[in-house]
Amino acid sequence: MGGDDGMDDAHEYGMKDLVEHYREGRRRWGVEEADRRWLQQPLTDWTAGLQGPQTCQRLDADSADCLAVAIKETLAIRDGLILSILAPEPGLDSDRLMDLCVRPNDPSNVTALCSILDAVFKDTATRPDQPRCRAGLAMLEAMADQVPPGFRSQPLAVAAYVDWWSGGSRASGFAEKALADDRSCSLAAIVLALIGRGIDPAWRQLG
């Protein structure tokens, strides 16, 4: 973070412009079509990053900015990123992920969302894909470092959830940083509550 204040200010204005572009697109083309156009490249880059070598877990700057705007504005897209990391192998390919993000109320997508999240809490056989989790965390951290204040809470909250799921030790730190950026970030508060109550994913409850 840090760096030249002028550049930081310019990035902040640039992000606010991106938010306006995002909202304008949804008014012009409708929610589903606008989200598809917006997410095409970012989700392609994101999915490649989840499968790629550990050395290059950083999204293209434009893709990171676009994703940061999308997950701040539309929680279904944020939930899609969570599922793309949690989903059992072979994981969600970019087409399936796109569909989950842009049509969250489609019955088959609701079923997919519920079954994956249910397995996290109830199915001891559903275990984290650790390389995938590490790749996702690296991209989320890089995204949070890149974007200006006000856009960091959602990538940090997703990172907190993924770290909690994968058995890491940084979940509460991520969640607290998310809440420092946005006190109303409910996912971060949920992660802190899970940790505070000693609730682990099912796979960690085997003892």
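Against which helices do the buried residues of H10 pack? They pack against helix H4 (75–86), helix H6 (107–122), helix H8 (153–166) and helix H9 (171–181), where contact means heavy atoms within 4.5 Å.

The structure is a predicted model, in which local features need pLDDT of at least 70 and side-chain atom pairs count only at pLDDT 80 or more, while totals for chains, interfaces and linings use all residues. Residues are numbered from 1 along each chain as its sequence is written, and side-chain values use heavy atoms, with hydrogens and water left out.

Helices here are DSSP runs of H or I with at least four residues, and strands are runs of E with at least two, numbered from the N terminus. Helix H10 spans residues 186–196, and Leu 187, Ala 188, Val 191 and Leu 194 are buried in it; buried means under 20% relative accessible area, exposed means over 50%, and partly exposed lies in between, with a 1.4 Å probe and protein chains only. These residues lie on the same side of H10 because they cover an arc of only 120 degrees around the axis, the arc being that of the directions from the helix axis to the C-beta atoms. After H10 comes Gly 198, whose phi is positive, near 70 degrees.

The largest nonpolar core has 61 residues, of which Leu 39, Trp 46 and Leu 86 touch the most other members. Helix H8 gives the most to this core, with 9 residues. Such a core is a set of buried Ala, Val, Leu, Ile, Met, Phe, Trp, Tyr and Cys residues joined through side-chain atoms within 4.5 Å. If neighbours within four places in sequence are left aside, the residues in contact with Leu 39 include Thr 44, Leu 67, Ile 77 and Val 102.

**Around Thr 74 and Tyr 22**

Thr 74 sits in the loop between helix H3 (61–73) and H4, and it counts as buried at 10% relative accessibility. Its side chain makes a polar contact of 2.7 Å with the side chain of Tyr 22 and another of 3.5 Å with the side chain of Arg 26. A polar contact is a pair of N or O atoms within 3.5 Å; within protein, one must be able to donate a hydrogen and the other to accept it, and residues adjacent in sequence count only if both atoms are side-chain atoms.

Tyr 22 is itself buried, with a relative accessible area of 2%. A search of the whole structure finds 4 aromatic pairs, and two of them are set out below. Rings of Phe, Tyr and Trp (its six-membered ring) pair if their centres lie within 6.5 Å, and planes under 30 degrees apart count as stacked, over 60 as edge-to-face and the rest as tilted.

| Pair | Centre to centre | Angle of planes | Class |
|---|---|---|---|
| Tyr 22 and Trp 38 | 5.2 Å | 70 degrees | edge-to-face |
| Trp 165 and Trp 203 | 6.4 Å | 85 degrees | edge-to-face |

Because Tyr 22 lies in helix H1 (residues 5–29) and Trp 38 in helix H2 (residues 31–51), their pair ties together parts that are 16 residues apart in sequence. The other pair links distant parts of the chain, with Trp 165 in helix H8 and Trp 203 in the segment after H10, 38 residues apart. Both Trp 165 and Trp 203 are buried.
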